Amino acid sequence: MGEALADSTSDASLQRTVLRSEQISADLEVAPERYRMLTGDRPTGHLHLGHYFGSLRNRVALQDKGLDTWVLIADYQVITDRDSVGSLQERVFSLLTDYLAVGIDPARTTIFAHSQVPALNQLMLPFLSLVTDSELRRNPTVKAEQDATGGRPMTGLMLTYPVHQAADILFCKANVVPVGKDQLPHLEQTRVVARRFDERYGRAGDASRPVFPPPDALLSEVPNLLGTDGQKMSKSRGNVIELRMSADETAKAIKKAVTDADRHIGYDPVARPEVSNLVLLAALTTGRDPHAVADEIGDGGSGALKALVTEAVNEHLAPVRARRAELAADPGHLRQVLATGDARANEVAEQTLAQVREAMQMVYG
Ligand code: TRP
């Protein structure tokens, strides 16, 4: 059973995945209607520029290409590793507000919270019958999460969260999932579940098609944006610029950003990670090449660089922030958006669960 999964990280398999992802990217341009994309986030905090340039921007671009896009708020996934989670309600609505503010359009994208979709969660039971505990323990993301909990015992939900994630993807039969390379083992777990369901439980209605088509990864180039201290961006380090921050708060965060002693500004992420990161930030927010940005500052030093970055980030985020403030002032609208997405997700999940029951010969009425 475990072989398929172990194989997923081999070079040959990675090459196949990359090739397939390239084919899909090309096909998306000509036949977007063939694709349903699903992705999502844990509602653990406010979204920041790392999320924005790492995934949100890409989602909006995919939505705008005309694929059927689904974005999931993974609220159950928040409780995999936390004793106290604070108000999930607040976090969920803050995430939703960020989504809408950056341009995810609920008229074209189904936005839903997985806790609100009982039939999705019910898939967890048959899916759990298709995986082994050793396979889950080997999953690199489960391992990484476990290490991050500082040796505390792992909950059953943490161990099985790749299976829950498989349910997130398969309930709506998404066929593409945008991921970074580090997330590939997750997707492979989903593909394994889909294949094994077909082998073990068979098909429903249309015998020519499996109940769950194995989804493909859509790999994207993601800029390696660091925090304002030149370290990995993370909220707990206090080195992030959040979408919801004010222009003043942004200026303060950039003012205390780490630089180096060389007055001449260049773009060299390996030798000068802190300065290069600021240059990259200005480049991303103005749509320019980082080398051109660095050349422009030249001997102006970090003061000039920071002034440029502050202006570029604030200008880029101004419309997002204005929209965010408007949205936050209308909680009724936000509730309505989520209720509509949840209703659509439920409709699709119930259809899928009906097929699962049929395939499993669990129809008794
Ligand atoms: N694990 C993702 C995160 O950490 C959230 C998520 C849950 C997800 N289910 C998913 C992403 C399914 C893609 C597909 O934010």
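I started at Leu49 and listed its contacts, meaning heavy atoms within 4.5 Å. Leaving out residues up to four places away in sequence, Leu49 touches Gly54, Leu225, Ile241, Leu243, Leu281, Val313 and Leu317.

I noted the ground rules next. This is a predicted model, so local features need pLDDT of at least 70 and side-chain atom pairs count only at pLDDT 80 or more, while totals for chains, interfaces and linings use all residues. Residues are numbered from 1 along each chain as its sequence is written, and side-chain values use heavy atoms, with hydrogens and water left out.

**Cores.** I looked up nonpolar cores: sets of buried Ala, Val, Leu, Ile, Met, Phe, Trp, Tyr and Cys residues joined through side-chain atoms within 4.5 Å. Buried is under 20% relative accessible area, exposed is over 50%, and partly exposed lies in between (1.4 Å probe, protein chains only). Which residues touch the most other members of the largest core? They are Leu49, Ile73 and Tyr99, in a core of 48 residues. Helix α13 (residues 273-286) gives the most to this core, with eight residues. Helices (H or I, at least four residues) and strands (E, at least two) are DSSP runs, numbered from the N terminus. The core draws at least three residues from each of domain 1 (11-222 + 340-359) and domain 2 (235-328). The domain bounds come from an automatic or database domain assignment. I also found a second, separate core of 45 residues, which includes Leu159, Phe171, Leu353 and Val356.

**Strands.** I turned to β1 (residues 36-41). Five of its six residues are buried, so β1 is largely enclosed by the rest of the structure. β1 pairs with β2 (residues 68-73) in the parallel sense over six bridges. Pairing requires at least two DSSP bridges between the strands. Arg36 has Asp68 in β2 as its bridge partner. The chain crosses from β1 through helix α3 (residues 49-65) to β2 in a right-handed β-α-β crossover. Right-handed means that, with the strands pointing away from the viewer, the path from the first strand over the helix to the second runs clockwise.

I then checked β4 (residues 176-179) and β5. They pair in the parallel sense over four bridges, and Val179 stands opposite Leu219 in β5.

**Backbone.** Lys173 has a phi of about 55 degrees and is found in the loop between α10 (161-170) and β4. Lys173 counts as partly exposed because its relative accessibility is 25%.
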